[in-house]
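Subject: Structure handover

Hi,

Here is the structure I promised to send over. Please open it alongside this email, and then read on for what I found.

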Amino acid sequence: MADNEFPGWHGTTIIGVRKGGQVVIAGDGQVSLGQTVIKGTARKVRRLSPGGDDVICGFAGSTADAFTLLERLEKKLEATPGQLARASVELAKDWRTDKYLQKLEAMLIVSDGKDLFVITGAGDVLEPEHDIAAIGSGGNFALAAGRAMMDSDQDAETIARKAMAIAADICVYTNGNLTVEKIS
């Protein structure tokens, strides 16, 4: 099927905020196909607990692809307990070099409460400069809103929720039905 024949999946805004010893990852619930909202209550933020270590993850992109990546990340974390950075780099290497994984269309924001990373299929493991990261169709809106609030006295969860509300007001592929996970 040609690219112009398939309307494509759009939707999702995910934000990760680290502030005051807490990390929050929040994501909206909208899944769209072209101009149609298919589902408004999708859960795109998850908690993984491989080997008893808590890790929170948010994903943007194809849901099936993201679940494949989350399963792989969980296996990497089981092999390297307490080492999110190492597990993330190993996942990014596999994603970049494995012929099957190369076709996956998703991005991840992950945190163990200490580290906060964006993982991409281009082999990137990025740590945000300003303790805030956002991905997805409304990611730039959420990122800008969140960065504007980082110097305030608001906590990480409040910043994430307000930034997501602003993104939902601007991006038609983002709704206000949030899933929020936090870790200290």
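Two strands count as paired if DSSP finds at least two bridges between them. Keep that in mind for the pairs below. Please also note that this is a predicted model.

**The five-stranded sheet**

Five strands make an open, antiparallel sheet, ordered S6-S7-S8-S9-S10. Its edges are strand S6 (45–48) and strand S10 (125–126), and each of these pairs on one side only.

Start at the S10 end. Strand S9 (residues 116–119) pairs with S10 in the antiparallel sense, over two bridges. Ile119 has Val125 in S10 as its bridge partner. Helix H1 (residues 63–79) packs on this sheet. It touches S6, strand S7 (55–61) and strand S8 (106–111), and its direction makes about 150° with that of S7. Helix H2 (residues 84–97) also packs on the sheet. Its contacts are S7, S8, S9 and S10, and its direction makes about 5° with that of S9.

S9 also pairs with S8, again antiparallel, this time over four bridges. Here Leu108 stands opposite Ile119 in S9.

Is S9 buried or exposed on its two faces? Both faces are covered. Leu116 and Val118 are buried on one side, and Phe117 and Ile119 are buried on the other.

Two hairpins are worth a look. S8 and S9 form one, with four residues between them. Gly113 sits in that turn with a positive phi of about 95°. S9 and S10 form a hairpin with five residues between the strands. There, Gly123 takes a positive phi near 90°.

**Phe67 on helix H1**

Phe67 is found in helix H1. Why does Phe67 count as partly exposed? Its relative accessibility is 32%, and the partly exposed class lies between the buried limit of under 20% and the exposed limit of over 50%. Leaving out residues up to four places away in sequence, Phe67 touches Arg46 and Phe59. Phe67 and Ala106 are 39 residues apart in sequence, yet their C-alpha atoms are 9.4 Å apart in space.

**The four-stranded sheet**

Another open, antiparallel sheet has four strands, in the order S11-S2-S3-S12. Strand S11 (132–136) and strand S12 (179–183) stand at its edges. Each has a single partner strand, so one side of each is left without a neighbour in the sheet. Neighbouring strands here are turned by 10° against each other on average, direction ignored.

Strand S3 (residues 22–27) runs antiparallel to S12, and five bridges join the two. Val23 stands opposite Ile183 in S12.

Helices pack here too. H3 lies across strand S2 (13–19) and S11, running at about 165° to S11. Helix H4 (residues 156–170) packs on the sheet and touches S2, S3 and S12. The direction of H4 makes about 155° with that of S2.

**A nonpolar surface patch**

Which residues form a nonpolar patch on the surface? They are Phe141, Ile166 and Ile170, with about 250 Å² of accessible area together. Phe141 belongs to helix H3 (residues 139–149). Phe141 counts as partly exposed because its relative accessibility is 34%.

Best wishes

Notes
Residues numbered from 1 in each chain as written. Predicted model: local features only at pLDDT ≥ 70, side-chain atom pairs only at ≥ 80, totals over all residues. Heavy atoms only, no water. Patch = residues over 30% accessible without salt bridge, like charges linked within 9 Å, V, L, I, M, F, W, Y side chains within 5 Å. Areas by Shrake-Rupley, 256 points an atom, 1.4 Å probe, with all protein chains shown as cover. Salt bridge = Lys/Arg side-chain N within 4 Å of Asp/Glu carboxyl O. Buried < 20%, exposed > 50% of the residue type's maximum accessible area, 1.4 Å probe, protein only. Contact = heavy atoms within 4.5 Å. Axes fitted to C-alpha atoms, helices over the stretch in contact; angles between N-to-C directions.
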